[in-house]
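Let's take a walk through this fold together, from its aromatic rings to a helix and on to the nonpolar cores. Please have the coordinates open as you read.

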Amino acid sequence: MHSENTSIALYQNPIPPHVESDMEELYQHRYASYLQLRVYGHITENTRTYVASRSGKTSVALIFRLEADRACVLNEQMWIAEEEIERFVRHVFDVFPNVNVVSFPVIRTDIRRLSFPHQQFHSTQDIVLGLPQSIEEYLAHLGKSTRNYLKRYLNKFKRDYPSFRFQVFVGEEIQEADVRAIIALNKARMHGRNKTSYIDDEEERRMLTLLKLRGFVGVVTANGRVCAGTINYRFGNNYFLQVLSHDPCYDEYGLGTLCCYLTICECIARQGNEYHFLWGQYEYKYRLLGVQRDLDHLAVYRTRMQMLRHLPMVVRIAREGYNYSARSWLLNKARRKDDTSIASTLAFHLVNGMRDAKHAAARVLRREHGIGDSLPRQ
């Protein structure tokens, strides 16, 4: 494990500024950054920051919270090599004798063998587009039907709305009015699906704070009003989508997908490395060449006896892992429209049947509460 060249430091808060910058440079990921955790209020008196350096260069930086007899790693979605996990877990068990479980809820790793008993299950996904060198190259790699779709609807929208503009704003350039307009469109569409948006007043405040520091917002306007937009963040050379929304009045133009495509083109023009659609296995992400990265929940136990003592946790992690894999398999089968196998057909009808049942139940509840059915639909 190259231990002779590795030094370890453990910090309480606040951490030195160079540690925060090293962490962002190392992972270049929103959810692995100290900034994200600080803005969202996850840095508390119970958090610690572990830094391992090799030959004077940071090789891993992990923020974790102590909860009873557990240490839960808070930064997520970054790649951590097996040897670094082994070193970190051993250090935590040595320094904190009351800790019996170390949990990594959402990471990428290549574990083959650890010295400690552990569980590892897929828990969620990130849909990632590796950005090419030019917009022309990106277009060339898109499927023929997708290229035609984008060209046809973009031309139609420009023809019907000559005042069309797509603009990108970064950091301090971002106007709160644009952000709130995009959020309002998102809430309206969620309401039309009988869902409640997760963006409440507090989330909006946190978003605006982070946008001023790392924001990248794309705005489509027509006739002087916002009709679509994307809310993104840039960490290092990578971009992260948080909100994509459009006015349902423009559904016939596929404006949501168009807006996302135009945002991606801007990221390419700015020499970005990756565009992260994050979780949610929606068809447009794959059409725009996103590739699914499954992310794992890893739990490491001090001893086999401690694993038995935490049996409810062991069972819960396993159940959630198997459920995720089953749902992912069904969705992947349902997406393969050219696959006429019995399994694919059953998966398609099962996924759509579950969706129809959910919408039917929501309609019943709406009628029971005297709510009309005239809200916009996708």
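A residue counts as buried when its relative accessible area is under 20%. Keep in mind that this is a predicted model. With that cut-off, Tyr253 is buried, because its relative accessible area is 4%.

Now for the rings. Searching the whole structure turns up 21 aromatic pairs. Take Phe157 and Phe164 as one example: their ring centres are 5.6 Å apart and their planes stand at 90 degrees, so this is an edge-to-face pair. Phe157 has 0% relative accessibility and therefore counts as buried; Phe164, at 17%, counts as buried too.

Tyr253 brings us to another pair. The ring centres of Tyr161 and Tyr253 lie 5.9 Å apart with planes at 75 degrees, so they also meet edge-to-face. This pair joins distant parts of the chain, 92 residues apart: Tyr161 belongs to the loop between helix H5 (144–160) and strand E8 (165–170), while Tyr253 belongs to the loop between strand E11 (238–246) and helix H8 (255–269). Elsewhere, a single aromatic cluster is formed by Tyr50, Phe64, Phe88, Phe96 and Phe104.

Arg152 places its charged end over the ring of Tyr153, 4.9 Å from the centre. Likewise, Arg287 lies over the face of Tyr149, 4.4 Å from the ring centre.

Next, have a look at helix H7, residues 201–214. Its 14 residues reach 20 Å from first C-alpha to last, close to the 20 Å expected at 1.5 Å a residue. At its start, a side-chain oxygen of Asp200 comes to within 3.2 Å of the backbone nitrogen of Glu202. Buried residues in H7 include Met207, Leu208, Leu210 and Leu211, and also Glu203, Glu204 and Arg206. What covers the buried residues of H7? Helix H2 (34–39), helix H6 (176–192) and strands E9 (215–222), E10 (225–235) and E11 are among the elements that do.

Finally, the cores. The largest nonpolar core has 37 residues, and those touching the most other members are Phe157, Val220, Ile264, Tyr275, Phe277 and Leu288. Helix H8 gives the most to this core, with 10 residues. Leaving aside residues up to four places away in sequence, Tyr275 has contacts that include Ile127, Leu131, Tyr239, Leu241, Cys260 and Ile264. There is also a second, separate core of 36 residues, with Tyr34, Ala52, Val73 and Val102 among them.

Methods. Residues are numbered from 1 along each chain as its sequence is written. This is a predicted model: local features need pLDDT of at least 70, side-chain atom pairs count only at pLDDT 80 or more; totals for chains, interfaces and linings use all residues. Side-chain values use heavy atoms; hydrogens and water are left out. Rings of Phe, Tyr and Trp (its six-membered ring) pair if their centres lie within 6.5 Å; planes under 30 degrees apart count as stacked, over 60 as edge-to-face and the rest as tilted. Buried means under 20% relative accessible area, exposed over 50%, partly exposed in between (1.4 Å probe, protein chains only). Helices (H or I, at least four residues) and strands (E, at least two) are DSSP runs, numbered from the N terminus. A charge sits over a ring if NZ of Lys or CZ of Arg is within 6 Å of the ring centre and within 35 degrees of the ring normal. The expected span of a helix is 1.5 Å times one less than its number of residues. Contact means heavy atoms within 4.5 Å. A polar contact is a pair of N or O atoms within 3.5 Å; within protein, one must be able to donate a hydrogen and the other to accept it, and residues adjacent in sequence count only if both atoms are side-chain atoms. A nonpolar core is a set of buried Ala, Val, Leu, Ile, Met, Phe, Trp, Tyr and Cys residues joined through side-chain atoms within 4.5 Å.
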